[in-house]
Amino acid sequence: MCIRDRARFFALVGLPAALALGILIPKDEGVVLKTYRDPVGILTSCMGHTGPELKLGQTFTRAECDQTMYTDLVAHTEPVVKCMGQAAWDRTPAYQRVAIIDFAYNKGVSAFCGSTYKAQLVAGNPIACQQPLRWVMANGGRVDCRIRSNNCYGVVRRAQRNARMCTGDMSGLGLEGIDFAPDGATPEGNP
C-alpha cells in the first residue's frame with residue numbers, strides 16, 4: 001500500500017514538491033509512534049494522522065507512519081486538484097504545490113477548497129500568497145494565536161512560512177538541493 005500511495009502522491013504533485021513535503025510534514029507534525037490526544041483533544045498518531053480507526057494505546061512503526069503519511073497526502077491532494085481544476089493545478093509551480101498541500105494537510109481540504117487563497121491562486125491573483133497570513137486562529141476560530149500567551153504561536157509561524165513558500169521562498173526549510181523551478185528558472189524575486 002505504501003509504495004502505491006507514495007507513487008500516486010509523487011505523480012500528483014511532481015518530484016520536487018513530493019520530496020519537499022516528505023521532509024516538511026514529519027518536521028511540522030512530528031513523528032509520534034503511538035496514539036495521543038492533540039492540543040484540542042483529537043486522537044492522533046504518527047504525523048498528524050486522525051481517523052475513526054484510531055484507539056488510545058495503539059503503537060506504530062516508523063514504516064507504518066510513513067505509509068500513513070503518504071496515504072493521508074494522497075487523500076488531501078486528490079480533492080485539492082479537483083477543487084482547483086486540473087488546468088489550474090497543471091500550471092501551478094512546484095513551490096506553490098508544496099504550500100497548497102501543506103496548507104490543506106494542516107487546515108483541511110475543505111478549508112482550502114472554500115478559501116480565498118484557493119480562489120486567488122486559481123485566478124492568478126498576485127496577492128494570493130498573502131492569504132495564509134489570515135489563518136492564525138485556533139480552536140475553531142476562538143483563540144488568536146498572534147497573542148503569544150495563548151500558546152499557539154506555531155500556527156502563526158506556519159502561516160508565515162506557508163505564505164513564503166507560496167512565493168517560492170524555501171530558505172531555511174532544509175530543502176537545499178531540491179530544484180523547484182522548471183528548466184533552471186527561479187521564482188520571481190528569488191536568486
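1. A residue counts as buried when its relative accessible area is under 20%. The model is predicted. In it, tyrosine 70 has a relative accessibility of 8% and is therefore buried.

2. The structure contains six aromatic pairs. In one of them, phenylalanine 9 and tyrosine 70 have ring centres 6.1 Å apart and planes at 55 degrees, a tilted arrangement. This pair links distant parts of the chain, since phenylalanine 9 belongs to helix α1 (residues 2-13) and tyrosine 70 to helix α3 (residues 62-84), 61 residues apart. Phenylalanine 9 and tyrosine 70 are both buried.

3. Tyrosine 70 also pairs with phenylalanine 10: the ring centres are 6.4 Å apart and the planes stand at 45 degrees, so this pair is tilted. Because phenylalanine 10 lies in helix α1 and tyrosine 70 in helix α3, the pair ties together parts that are 60 residues apart in sequence. Phenylalanine 10 has a relative accessible area of 17% and is therefore buried.

4. Elsewhere, one aromatic cluster is formed by Phe103, Phe112, Tyr117 and Trp135. Another ring, that of tyrosine 153, has arginine 148 over its face, at 3.7 Å from the ring centre.

5. In soluble globular proteins, nonpolar side chains tend to be buried together. The largest nonpolar core of this model has 47 residues, and the members that touch the most others are Phe9, Val80, Val98, Ile101, Phe112 and Phe180. Helix α5 (residues 94-107) supplies the largest share of this core, with nine residues. Apart from this core lies another, of seven residues, among them Cys145, Tyr153, Val156 and Ala159.

6. Which residues does phenylalanine 112 touch, not counting residues up to four places away in sequence? Its contacts are Val80, Cys83, Met84, Ile100, Phe103, Ala104, Tyr117, Lys118 and Leu121.

7. Is threonine 44 buried or exposed? Its relative accessibility is 3%, so threonine 44 counts as buried. The residue is located in strand β2 (residues 43-46). A polar atom of the threonine 44 side chain lies 2.8 Å from the backbone oxygen of isoleucine 42. Not counting residues up to four places away in sequence, threonine 44 touches Lys34, Thr35, Tyr36, Asp38, His49, Thr50 and Leu54.

Key: Residues are numbered from 1 along each chain as its sequence is written. This is a predicted model: local features need pLDDT of at least 70, side-chain atom pairs count only at pLDDT 80 or more; totals for chains, interfaces and linings use all residues. Side-chain values use heavy atoms; hydrogens and water are left out. Rings of Phe, Tyr and Trp (its six-membered ring) pair if their centres lie within 6.5 Å; planes under 30 degrees apart count as stacked, over 60 as edge-to-face and the rest as tilted. Helices (H or I, at least four residues) and strands (E, at least two) are DSSP runs, numbered from the N terminus. Buried means under 20% relative accessible area, exposed over 50%, partly exposed in between (1.4 Å probe, protein chains only). A charge sits over a ring if NZ of Lys or CZ of Arg is within 6 Å of the ring centre and within 35 degrees of the ring normal. A nonpolar core is a set of buried Ala, Val, Leu, Ile, Met, Phe, Trp, Tyr and Cys residues joined through side-chain atoms within 4.5 Å. Contact means heavy atoms within 4.5 Å. A polar contact is a pair of N or O atoms within 3.5 Å; within protein, one must be able to donate a hydrogen and the other to accept it, and residues adjacent in sequence count only if both atoms are side-chain atoms.
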